[in-house]
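Please keep the sequence and the structure in view while reading.

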Amino acid sequence: MDKKIEQEFSDLPQPAKDFLMSDQHKKNCKEIFDKAGGPLTRATVAKIRESFTAFVMPKVSDEVRGKLAGGKLSDEQKDAVWSKMSGGAETIDLPAFIKLTSGIYTHALAQGVNLDNLRQYSDEWRGSFS
């Protein structure tokens, strides 16, 4: 899975790469991490992802929504990602959460989500997340 995300990141336009590597993106991740009471369990990360997805999906085009829905991970893939991110622990720390979020955003951008829209939706969602 890492190879796929690395390739998607490599293929992104420079402004998207700059955003994903920015201090602002890391600060945004930290805000959610702190609001969620980090270090984060797998269940908490799933709730964060589900909350973000429920907020964003109605805002994207049918075409993008179809691409994103088609790329869902199997339970086995989710297990492998969690194991790698957590190192076998029950929780992940902030750097792992940033890496996980960056991977999710990379995939979304690679599937056609507009960078400006992603920033806007993320800001709006983050403001409402508790």
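The lining of the largest pocket divides into 23 nonpolar, 8 polar and 11 charged residues. The model described here is a predicted one.

**The largest pocket**

The largest pocket holds about 1,500 Å³ of space. Its lining is made of 42 residues, and the closest to the centre are Arg-49, Leu-73, Leu-100, Gly-103 and Ile-104. The most is given by H7, with 9 residues.

**The largest cavity**

How many cavities of 30 Å³ or more does a search of the whole structure find? The search finds 1. The largest cavity has a volume of about 210 Å³. Its lining has 16 residues, and those nearest its centre are Ile-48, Phe-97, Thr-101, Tyr-105 and Trp-125. H3, H4, H7 and H8 each give two or more residues to the lining of this cavity. H7 gives the most here, with 5 residues, and H7 likewise gives the most to the lining of the largest pocket.

**Helix packing**

The table gives the angle and the axis distance for each.

| Helix pair | Angle between axes | Axis distance |
|---|---|---|
| H3 and H7 | roughly 115° | within 10 Å |
| H3 and H8 | about 25° | 10 Å |
| H1 and H7 | about 55° | 9 Å |

The axes of H3 and H7 cross at roughly 115°. That angle makes H3 roughly perpendicular to H7. The crossing of this pair is right-handed. On the H3 side the contact is made by His-25, Lys-26, Cys-29, Lys-30, Ile-32 and Phe-33, and on the H7 side by Leu-94, Phe-97, Ile-98, Thr-101, Ser-102 and Tyr-105. These residues divide into 7 nonpolar, 3 polar and 2 charged. Phe-97, Thr-101 and Tyr-105, named in this contact, are also among the residues nearest the centre of the largest cavity.

H3 also packs against H8, which spans residues 115-128. With an angle of about 25° between their axes, H3 and H8 are therefore roughly parallel to each other. Their crossing is left-handed. Asn-28, Glu-31, Ile-32 and Lys-35 in H3 meet Asp-123, Trp-125, Arg-126 and Gly-127 in H8. By class, this contact has 2 nonpolar, 2 polar and 4 charged residues. Ile-32 of H3 takes part here and also in the contact of H3 with H7. Trp-125 of H8 meets H3 and is one of the residues nearest the centre of the largest cavity.

How are H1 and H7 oriented to each other? The two helices pack at about 55°, and H1 and H7 are therefore oblique to each other. The crossing of H1 and H7 is left-handed. Lys-4, Ile-5, Glu-8 and Phe-9 of H1 meet Gly-103, Thr-106, His-107 and Ala-110 of H7. The contact has 3 nonpolar, 3 polar and 2 charged residues. Gly-103, which belongs to this contact, is also one of the residues closest to the centre of the largest pocket.

**A cis peptide bond**

Most peptide bonds are trans. The bond joining Gly-38 and Pro-39 is cis, with omega about 5°. Where does Pro-39 lie? Pro-39 is in the loop between H3 and strand E1 (40-41).

Terms used: Residues numbered from 1 in each chain as written. Predicted model: local features only at pLDDT ≥ 70, side-chain atom pairs only at ≥ 80, totals over all residues. Heavy atoms only, no water. 1 Å grid on protein atoms, 1.4 Å probe; cavity = no way out; pocket = protein on both sides within 12 Å on 5 of 7 lines; lining within 4 Å. Points joined across faces, edges and corners; volume = space filled by probe spheres on them. Helix = DSSP H or I, 4+ residues; strand = E, 2+ residues; numbered from the N terminus. Nonpolar A, V, L, I, M, F, W, Y, C, P; charged D, E, K, R; others polar. Axes fitted to C-alpha atoms, helices over the stretch in contact; angles between N-to-C directions. Parallel < 35°, antiparallel > 145°, perpendicular 65-115°, else oblique. Left-handed = near helix turned anticlockwise from the far one by under 90°. Contact = heavy atoms within 4.5 Å.
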